[in-house]
Amino acid sequence: MSKPYLIVGRGSGGQSLTSDFIEQANIISFASCPNSGDPAAADDPIPEGIWGGYCNHGSVLFPLWHRPCVLAIEVRLSIELPRERKLMSRSGVTDDTRKLWVDAATELRFPFWDWTDPRGETEGLPAVLRPQVFQFTLPDGSPSARIENPLALYNFGAILPEGFEDTFSPANGDRVSYFKAWSRTYRRPSSSPTPIEDYVEIDTLMRGDENQRSSVRQLRNQVGGLFCYPIPGEVAELQRPSLWDQFSNTSFQSKNSGSIEAPHNTVHNLLGGSGAMADPDYAGFDPIFYLHHCNIDRILAFWEFTYNRFWIGKGYYKRDGQGKLIPFVQGNGTWAESDGFNVDESSPLQPYRSADNVYWTPESARWLNNRSTFNKGYTYPDIVGTVGDKEERVCLTDDLPSDDGQVRKYKAILQSRFGLGDAKEGNTDYGDTPATGGTDNEAVPNYRRFYVYIELVEHAFGGSYSLEIVFQGKAVATFAVFARSDNSQCTACKVKKRSGGLVRGFLDIPDDVVQDAIEPRKKELLELDSSERLEAVARILRESFTLRLVGASGELLAESARKESRDPGKLELGTVSLRESGRESPDDYERSVGSGVLLEPAIVPKVHLQSCRAAKRSWDGGGESEISFFNHSNFGKVLPHSHQWQRA
């Protein structure tokens with residue numbers, strides 16, 4: 001068993017070095033040079049890949065690379081704590097007080113920020129993450145010095161890290177990010193060398209208001225959806241790496257489903273605006289990055305515990321399981337990986353190494369218990385959820401679930417805890433015939449989940465941005481892209497923009513929004529033959545929504561607009577029979593949208609409306625078990641031919 005230790009560099013005498021904060025942040029962010037002591041890059045200033053950094057995004061390695069990244073902070077904390085224990089030896093400290101503090105220091109681990117906590121819907125960002133001044137009572141009863149909250153910002157002092165530059169991104173409108181002028185990190189700053197942070201806007205986005213739905217509510221639903229993957233017994237062994245691919249990143253190669261990287265991106269943009277957290281080149285310098293990624297690591301820990309038979313392996317096969325093994329690739333490389341480099345369970349997670357100077361790999365980063373090659377030295381608190389009328393829990397130190405019945409139980413607990421929207425019997429008859437959603441699963445009557453499949457060009461606007469689904473003037477669902485600016489040191493960004501590198505994902509349309517859209521046409525809908533109803537509902541939804549693209553700071557970049565029709569009354573919802581086809585001909589419309597400028601075809605989003613049925617299963621422990629989805633339907637583009645994209 002290797003030591004639960006981690007190094008990222010070598011001193012001049014060859015000794016192991018743990019990372020300080022700046023070195024660690026530089027690895028995560030733009031990495032203007034190879035990490036000191038990295039055997040694979042120590043003497044070579046030229047990266048193998050067109051992106052010269054180390055960080056993995058849009059890759060099957062994304063969640064696993066960030067595990068030793070977070071663990072490096074834990075290691076640094078464990079080094080500092082013995083120094084703090086000297087406080088316990090001061091005169092005037094009783095034995096009981098000394099023991100209390102020593103025990104607390106021994107058990108201390110770096111915290112996570114649970115942005116799925118429902119309290120965020122009312123309280124916004126926790127107070128402990130905001131700027132404030134602290135003063136503590138020390139073990140001997142004396143007051144500590146007054147300190148600025150270290151979780152709210154990082155102060156660089158007089159000398160900035162190498163490579164900092166002011167950036168101007170079209171995604172942020174006319175805002176400038178003054179990274180070269182700012183002596184500390186900022187969250188949602190104004191465009192000024194001496195900015196003001198907008199914590200009011202952060203709270204508004206988290207809570208929601210008349211203009212947007214609560215981001216916390218959506219994040220809870222997205223994370224709950226990660227535990228809707230099928231049970232292992234329903235997936236052929238050769239297809240299991242495909243499910244890891246879907247779960248791990250937003251550039252999945254094999255199949256399509258929800259990813260842990262999607263809510264990750266949303267949190268970055270929400271906090272950053274035009275500040276550090278929304279720019280991958282600078283995000284690692286904000287202390288909240290690590291609390292955010294501890295929560296990502298926590299979600300990963302419960303997912304890999306529950307779905308322990310879904311793994312990267314050596315690659316994936318096409319859906320029928322036939323043909324050759326297809327390797328996963330690192331599309332644009334890193335300091336040590338060339339472009340298109342094959343990655344798998346044994347790929348080095350550079351520059352992170354054990355005390356033996358051996359690179360961490362996905363296999364060694366896997367799991368937090370002793371089944372792993374490396375003992376991580378930490379775990380996460382149990383997750384408790386209500387299933388039926390019983391309180392149940394998932395404990396990461398228990399044995400891994402080995403049968404499908406255990407997996408179903410854990411799925412149900414985690415779906416409940418993370419707030420997956422409950423699939424309840426509805427009052428809209430979609431014309432579905434009675435069915436089961438697999439073995440022993442009971443289909444939920446009169447219920448359908450509606451969602452969209454999204455493809456966005458990563459570097460379309462030279463920075464981070466989001467797509468919003470808008471209903472009656474309110475953004476009801478958001479999908480984020482976390483991207484570097486045009487003047488990033490990342491050469492890959494420019495290449496990706498030219499080649500149309502894509503970010504993919506799924507986004508649920510809230511059930512209450514679906515019902516609000518249907519209600520005005522419900523009587524007419526129920527008069528249709530049952531075989532026509534589902535297509536008619538899709539038509540209603542397509543005509544009820546508009547789409548818009550917004551920068552991380554909230555600037556409107558583009559929106560869908562109705563084309564000028566030769567017959568202005570032809571497509572007015574409410575006057576058109578639902579029996580008419582929902583797929584209009586583009587020949588019925590003019591080619592322009594007033595005097596607006598159309599969005600370039602190469603960066604037009606792909607957004608398709610889809611739907612599925614839901615099923616629940618009762619398990620022996622009592623109560624309803626996990627929600628699963630089946631009978632998926634694709635209705636094509638969300639925007640009918642009557643709409644097209646127009647720049648703001």
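# Briefing on a predicted protein model

Val 128 lies in the loop between helix H4 and strand S3 (133–134); helices (H or I, at least four residues) and strands (E, at least two) are DSSP runs, numbered from the N terminus. This is a predicted model, in which local features need pLDDT of at least 70, side-chain atom pairs count only at pLDDT 80 or more, and totals for chains, interfaces and linings use all residues. Residues are numbered from 1 along each chain as its sequence is written, and side-chain values use heavy atoms, with hydrogens and water left out.

**The chain as a whole**

- The protein chain contains 15 helices and 20 strands.
- Of its 648 residues, 55% count as buried; buried means under 20% relative accessible area, exposed over 50%, and partly exposed in between (1.4 Å probe, protein chains only).
- Among contacts between residues at least 6 apart in sequence, 70% join residues at least 24 apart, where contact means heavy atoms within 4.5 Å.
- The chain exposes about 26,800 Å², and carbon and sulfur atoms supply 50% of that area; accessible areas come from the Shrake-Rupley method with a 1.4 Å probe, and for residues only the protein chains shown count as cover.

**The surroundings of Val 128**

- Val 128 is partly exposed, with a relative accessible area of 42%.
- Not counting residues up to four places away in sequence, Val 128 touches Phe 134, Asn 149 and Leu 151.
- Val 128 and Leu 151 are 23 residues apart in sequence, and their C-alpha atoms are 7.4 Å apart in space.

**Annotated segments and cysteines**

- An unreviewed UniProt entry carries the annotation "domain: Tyrosinase copper-binding" for residues 57–74 and 286–297. UniProt positions are given in the numbering used here, feature names are shortened, and annotations may be inferred rather than shown by experiment.
- Residues 57–74 are 72% helix and 0% strand, with 22 Å between the end C-alpha atoms.
- Residues 286–297 are 83% helix and 0% strand, with 18 Å between the end C-alpha atoms.
- Cys 69 counts as buried, at 0% relative accessibility, and Cys 294 is buried with a relative accessible area of 2%.
- The closest cysteine sulfur to that of Cys 294 is in Cys 69, 8.9 Å away, which is too far for a bond.
- A search of the whole structure finds zero disulfides, a disulfide being a pair of cysteine sulfur atoms within 2.5 Å.

**Helix H5**

- In helix H5 (residues 199–207), Tyr 199, Ile 202, Asp 203, Leu 205 and Met 206 are buried. Seen down the axis of H5, these buried residues fall within an arc of 160 degrees, so they line one face of the helix; the arc is that of the directions from the helix axis to the C-beta atoms.
- The cover over the buried residues of H5 includes helix H4 (120–123), helix H6 (215–225) and helix H8 (261–272).

**Paired strands**

- Strand S13 (residues 465–471) and S16 run antiparallel and are joined by seven bridges; two strands pair if DSSP finds at least two bridges between them.
- Phe 471 has Phe 545 in S16 as its bridge partner.
- Five of the seven residues of strand S16 (residues 545–551) are buried, so this strand is largely enclosed by the rest of the structure.
- Strand S9 (residues 383–387) pairs with strand S10 (residues 390–394) in the antiparallel sense over five bridges, and Ile 383 stands opposite Val 394 in S10.
- The hairpin of S9 and S10 has two residues between the strands, and Gly 388 in this hairpin takes a positive phi near 65 degrees.

**Backbone features in loops**

- Most residues other than glycine have a negative phi, and most peptide bonds are trans.
- The peptide bond from Gln 350 to Pro 351 is cis, with omega near 5 degrees. Pro 351 is found in the loop between strand S8 (341–343) and helix H10 (362–365).
- Trp 367, although not a glycine, has a positive phi of about 65 degrees. Trp 367 is placed in the loop between H10 and S9 and counts as buried, at 13% relative accessibility.
- Asn 446, also not a glycine, has a positive phi of about 50 degrees. The loop between strand S11 (442–443) and strand S12 (449–457) holds Asn 446, which counts as partly exposed at 32% relative accessibility.
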